[in-house]
Amino acid sequence: MKSLLQNSFKWLLIISLFVIAAFEAVPVPVVKANVAADQLVLTKNSSEMMYNGQTIQAVQPTTFKDGVSYAPFSSIAKVYGFKVAYEAKTKESIARNEELEIRFKPDSANIKVNGKIVKSSGAVFIQNGYMMIPLRTWADLTGSTLTLKDSEMTFAWSRPSIPEATFSVLNEEIYAGQTKILIADHASSPSGRKIIDQRWEGKQDIYDEPGEYTITRSVMDDRSRWSDPYSVTIHVLKANEPPVAAFSTDKTTYRIGEPVLYTENSYDDENSIVRKTWSGQAPVFFESGDYTISLEVEDGHGATDSVFQQITVTDEVLYTPEEYYPLFTPVGDKFPIVGSSVLNHEEVIYSVLPERVSLARSNSPETLSGEGIVFYSRLDGKIRFLFHHQNRSAENLKIYLVATNPNASVARVRTTAFGMGGPNTYVSTSGKLAVSRYFSSSLDPKDNLAVSLQPGETKVIIPEMSQVPLKPGQVMSAYADLYADSYVEFRVVVVEGDNNPIDALPSLSHLDRDNYHVRGTFFGADRVLEISGRLGEKAQRIPLGDRYIDKYLDGFDEMTGDPERNTGNFGVLYKMKVEVAPRTLIALNPRGGHYAGAFLVNGTVVNTTDNSILKDQNEAGVLYRTGDAAETVDISFVIASGSNTPLQLLFLPLPQLKR
């Protein structure tokens, strides 16, 4: 009989829990915990409660009435951290915390929650002078979970959240007595409360001695709840020593036009000099007087040091500018020249031997306004591609070279040289870098890449050309030497962003040329210049890209079928092997405007120029000097995109060296 009563009571309790769950939902804020949940265990007909493993005594036992379980209001509310009060006027018992105000009234199932009426599953009643409230209602009001196991009822809820005092130290390196500590504030409240106060321990603006330091912080929110302490340990290094600026000249007194040799000996304790700024430094002086030369150096921490030295230039002349610059201007640098005098030099007559190389020039439209196909040609054998385009659209663009095999057998395309300049905002810089990198690539066979195309297959050739998008306003130039062992259809494809060029190909239209720049296929794109006799015994010049002696290639635009002329002979590879007299300067002089490019001289890439451009016909770039004996000099070059022709290649006898 006792067992039957126990089972009946257990089922009655289960049914009451389901019934209670059906009452109206209570709109209460549920605070997510940032620590483990609290737990309160009640036992039927017992006044003992187990709170987080510790026994506490309730003022009344857990009671069941009309199928609903009850517990004493004052006992359970205090465990939850509510402040408990009684309002005599309304006869309401009140529980308050930061988010809730709950009002209970005896013999009523209506409960006020933050001023709104919520219907409880059972009426509140008084037992032995203490208010008893429904357990399921309390669980729902407080966002708790309520579970039943045998005769135990367990509440689980999150403790009121506390703020977090997190912060970070922004300084990567901290030097004793020098570095001001920079703190980034990451403090927060999981419940969205405001942080209104903080406490620091161990925090200083500047630490005077090296060592390990711990900085600890606590914060308080607008509910007066303090966080747990949060600590960061920093390592303070010994004070940074400033760099030392130092240089010397080979002497202190010079003649006019005498080279000044500078030896720079600056140093830093961490070997981290990031800037060197010279003032008054010149490789030569052409006026007498006293000159002050200074050098300022800066290390990676912003510390600086300066040094000054004075030299004297006498009235005695060693070299004039016309003598000095041809003798001492470094290869890859430039010097001033009287442009009008260049055409007075003897013109060297040469003959042109074309070699069987096709040129595919993709340069029209030069400015791209969107997606499309900008070049098409069906080619085999040796092929040189020239790409030169600028993005005038509002989107990032990528340029691809794609190849399709129209044959019934496998076709192979091999890349033997590739150089790209850009994406860049400066046209001349892109053109110079493209030629320089093209020649460097031609000297390195490890850069070669072969692609096999199955019948009907399309693949991207030279994928590195599209690795970096062409942003609006940017320009790119590129040269590529390919070899196709059978006819292959080549297309230059422009797509936006990361769009796949092969997938997009069927939907892309041909872009119209701009009728100013060149698009087409040309033949005989390698030119061997045959020159007889020894050059440099007197001032001489070789005209290039002038359309009269160095005639432009003729071809056609395969996209339209129209004839085309390769104006400027851009993309043509010139090769010459010349006999040059002893002590001869070989230099480049532009005649049509600025020029920035590169030459291959005896297997060495020489830029025109390394740090600048040739601005006009009054400047010349140094390519090579022969020594005291005659030499055979091997010269190759491609006219750089973004620059101007014609050009004059100069062979000038060097002045005599003086002591």
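# A guided tour of the predicted model

Begin with the open sheet of five strands, ordered 6-7-8-9-10 and paired in the antiparallel sense. Its edges are strand 6 (83-87) and strand 10 (116-119), each of which pairs on one side only. From one strand to the next, the twist averages 25 degrees. Strands here are DSSP runs of E with at least two residues, helices are runs of H or I with at least four residues, and both are numbered from the N terminus. Two strands count as paired if DSSP finds at least two bridges between them. Axes are lines fitted to C-alpha atoms, for helices over the stretch in contact, and angles run from 0 to 180 degrees between N-to-C directions.

The model is predicted: local features need pLDDT of at least 70, side-chain atom pairs count only at pLDDT 80 or more, and totals for chains, interfaces and linings use all residues. Residues are numbered from 1 along each chain as its sequence is written, and side-chain values use heavy atoms, with hydrogens and water left out.

**Strands 6 and 7**

Select strand 6 together with strand 7 (residues 92-96): five bridges join these antiparallel strands. Within this pair, V84 stands opposite A95 of strand 7.

Next, select helix 3 (residues 135-142), which lies across strand 8 (101-104) and strand 9 (110-113) and runs at about 160 degrees to strand 8.

Now display the open sheet of four strands in the order 4-5-12-11, whose pairing is antiparallel. Strand 4 (63-65) and strand 11 (125-127) stand at its edges with a single partner strand each, so one side of each has no neighbour in the sheet. On average, neighbouring strands of this sheet are turned by 45 degrees against each other, direction ignored. Strand 4 is joined to strand 5 (residues 68-72) by three bridges in an antiparallel arrangement, and F64 has S69 of strand 5 as its bridge partner. Helix 3 packs on this sheet as well, touching strand 5 and strand 12 (130-134), and its direction makes about 70 degrees with that of strand 12. Contact means heavy atoms within 4.5 Å.

**Salt bridges**

The structure holds 31 salt bridges, each defined as a side-chain nitrogen of Lys or Arg within 4 Å of a carboxyl oxygen of Asp or Glu. Select K575 and E355, whose closest N and O atoms are 2.7 Å apart in a salt bridge. K575 belongs to strand 44 (residues 573-580) and E355 to strand 29 (residues 351-355), so the pair ties together parts that are 220 residues apart in sequence. Relative accessible area classifies residues as buried (under 20%), exposed (over 50%) or partly exposed (in between), using a 1.4 Å probe and protein chains only. K575, at 24%, is partly exposed, and E355 is partly exposed at 32%.

Move to D557, which meets R513 in a salt bridge (3.1 Å, N to O). R513 lies in the loop between helix 7 (501-504) and strand 38 (519-523), and D557 in strand 42 (residues 554-557), so this pair ties together parts that are 44 residues apart in sequence. R513 and D557 are buried. D557 also forms a salt bridge with R519, with the closest N and O atoms 3.0 Å apart. R519 is in strand 38 and D557 in strand 42, so the pair ties together parts that are 38 residues apart in sequence. R519 is buried, as is D557. For a network, select E87, E92, R96, E101, R103 and K112, which are joined by salt bridges that share partners.

**Strand 50**

Continue to strand 50 (residues 647-653), where six of seven residues are buried. Strand 41 (residues 540-544) pairs with strand 50 in the antiparallel sense over five bridges, and R541 has L650 as its bridge partner. Strand 45 (residues 584-590) also pairs with strand 50 in the antiparallel sense, over seven bridges; here the partner of I586 is F651.

**The cavity**

Finally, turn to the largest cavity, with a volume of about 50 Å³. On a 1 Å grid over the protein atoms alone, a cavity is a set of points where a 1.4 Å probe fits but cannot get out, and lining residues have an atom within 4 Å of a point. Select its lining: L397, K398, I399, M420, P423, M465, S466, V468, L470 and M476. Strand 33 (397-404) and strand 34 (411-424) are the elements that give two or more residues to this lining. Strand 33 gives the most, with three residues.

Methods:
On a 1 Å grid over the protein atoms alone, a cavity is a set of points where a 1.4 Å probe fits but cannot get out, and a pocket is an open set with protein on both sides within 12 Å along at least five of seven lines; lining residues have an atom within 4 Å of a point. Grid points are joined across faces, edges and corners, and a volume is the space filled by probe spheres set on the points.
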